[in-house]
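The following note collects points for a colleague who is about to work with this model. It begins with the ligand and then turns to the strands and helices.

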Amino acid sequence: MSDQAKVRVLLLESIHPDAVSRLEAEGYEVESLRNALDESELIARIPGVKLLGIRSKTKVTAKVLDAADSLVAIGAFCIGTDQIDLTAASASGVAVFNAPFSNTRSVVELAIAEIISMTRRLTEKNTLMHAGVWDKSADGAHEIRGRRLGIIGYGNIGTQLSVLAENLGMYVSFYDTADKLALSNAHRCATIEELLETSDVVTIHVDGRPGNAGFFGAEQFKRMREGALFLNLSRGIVVDHVALREALESGHLAGAAVDVFPTEPKGRGDEFVSELRGLPNVILTPHIGGSTEEAQSDIGGFVANKLAAFVEEGNTTLSVNLPGVALPEQAGQSRIGHVHVNTPGVLAQVNSILAEHKVNVEGQLLSTRGEYGYLITDISGGFSDDVLERLRSMEQTVRLRVLS
Ligand SMILES: NC(=O)c1ccc[n+]([C@@H]2O[C@H](COP(=O)([O-])OP(=O)(O)OC[C@H]3O[C@@H](n4cnc5c(N)ncnc54)[C@H](O)[C@@H]3O)[C@@H](O)[C@H]2O)c1
């Protein structure tokens, strides 16, 4: 099913070739540009484009959406969607998709590498070797086997790390504010204090909700065990870096690995300023937890699949802004996708218009999310333009798509 013969796709910011080939395989006409476009350039290019793919640099503003006469969906080929005016997108019935899980494994692997590196004090040995110093000693170097890893935030990343760390012979504890199933032998801590007091390595994988800003500071570092290691690969705002520096300088902590910072340089080559520079056994990385070629390829395929599923079947599973609806296709039927303002009686009104025109409904699924609702209706047999006209002219209708 597809609502129009030709689907024009505009991809910006060097989106992975896997996305291009996936969309071309659907028969879409794909134009892929290397760079981001600014607002006026995008406004000039957007008419006639049905699918827009961007990464983090392109801003999709209300003005861009106003100029987008054919746009049905935007793919953010990344995790964040702050660069898109989601309110304006929903008000135009434009679905937005991103790739929330694609780089999680990359983050987990970096965390594992850093836990081993710090436990063996590899960065120090490496620095000495490059300075010509042969310091063969076992002092302060340990195995990770048998040590306890405390994971704060047991979501997509925390749970995967839990499984891999256990496979490497670590014991795992976790603390999460939500009820989470403990995987394998992981121990769920009732309080964050229990985790801090019992773990040899503490790693943070919470999300960036506003309440988490600065939630890990001097008090939490003090609660950690003498000689423990600390990692943060989640969000920079979560940790007080002055307190972390003090905990490291006093020798209370034996090392830290930090990938995310409260303020990060804007571009490559800009100076990186941090309280954590110049400390021994501290691994600093430029927010690369999720930056691997595998993650980029996975993001390309994942988001392209979501865009194609929306164009072909009207499915909105995992959309960032529209209610999630997925209905299996039935051969020989037509499908109507109806984004509407979520007010009482919309379903009854749609069905009464269909009944009045003797249109037979074969399948129907409705979901709502805040201000908006999304209804998919499968119909057998034909229907007149009058049906569509009546549905379009309902005052709650935001967008109507016919997939035939
Ligand atoms: N370094 C990188 O390049 C990189 C890449 C991807 C993701 N991330 C970041 O990693 C973090 C985790 O990602 P995810 O996909 O696992 O997220 P997620 O939403 O799946 O999991 C977050 C978990 O943290 C829990 N949580 C939230 N606040 C908490 C608190 N104060 N105490 C305890 N638990 C709390 C939530 O209940 C949830 O289970 C996010 O902040 C994300 O932005 C970083």
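1. The model is predicted. In it, the ligand is surrounded by 27 residues, and the closest are Ile-157, Asp-176, Val-206, Asn-212 and Asp-259.

2. A ligand nitrogen atom lies 3.3 Å from a polar backbone atom of Thr-177. An oxygen atom of the ligand is 2.9 Å from an N or O atom in the side chain of Arg-235, and a ligand oxygen atom is 3.3 Å from a polar backbone atom of Gly-289.

3. Is strand β10 buried or exposed? Of its 5 residues (228-232), 5 are buried, so β10 is largely enclosed by the rest of the structure. The burial concerns both faces: Ala-228, Phe-230 and Asn-232 are buried on one side, and Leu-229 and Leu-231 on the other.

4. Strand β10 has parallel partners. With strand β9 (residues 201-204) it forms 4 bridges in the parallel sense, and Ile-204 stands opposite Asn-232 of β10. With strand β11 (residues 253-258) β10 forms 5 bridges, again in the parallel sense. The bridge partner of Asn-232 in β11 is Val-258.

5. From β10 the chain passes through helix α10 (residues 241-249) to β11, in a β-α-β crossover that is right-handed. A right-handed β-α-β unit is also made by β9, helix α9 (residues 218-223) and β10.

6. Elsewhere, an open sheet of 4 strands is arranged in the order β14-β15-β13-β16, with antiparallel pairing. Strands β14 (360-369) and β16 (397-403) are its edges, each pairing on one side only. On average, neighbouring strands of this sheet are turned by 15° against each other, direction ignored.

7. Within that sheet, how many bridges join β14 and β15? Strand β14 and strand β15 (residues 372-380) pair over 9 bridges in the antiparallel sense. The bridge partner of Gly-363 in β15 is Asp-378.

8. Two helices lie across strands of the sheet. Helix α11 (residues 293-313) lies across β13 (333-341), β15 and β16, and runs at about 80° to β16. Helix α12 (residues 346-356) lies across β13, β14 and β15, and its direction is at about 160° to β14.

Technical notes: Residues numbered from 1 in each chain as written. Predicted model: local features only at pLDDT ≥ 70, side-chain atom pairs only at ≥ 80, totals over all residues. Heavy atoms only, no water. Buried < 20%, exposed > 50% of the residue type's maximum accessible area, 1.4 Å probe, protein only. Pairing = 2+ DSSP bridges. Right-handed = clockwise from strand over helix to strand, strands pointing away. Axes fitted to C-alpha atoms, helices over the stretch in contact; angles between N-to-C directions. Contact = heavy atoms within 4.5 Å. Near = heavy atom within 4 Å. Polar contact = N/O pair within 3.5 Å; in protein donor to acceptor, adjacent residues only side chain to side chain.
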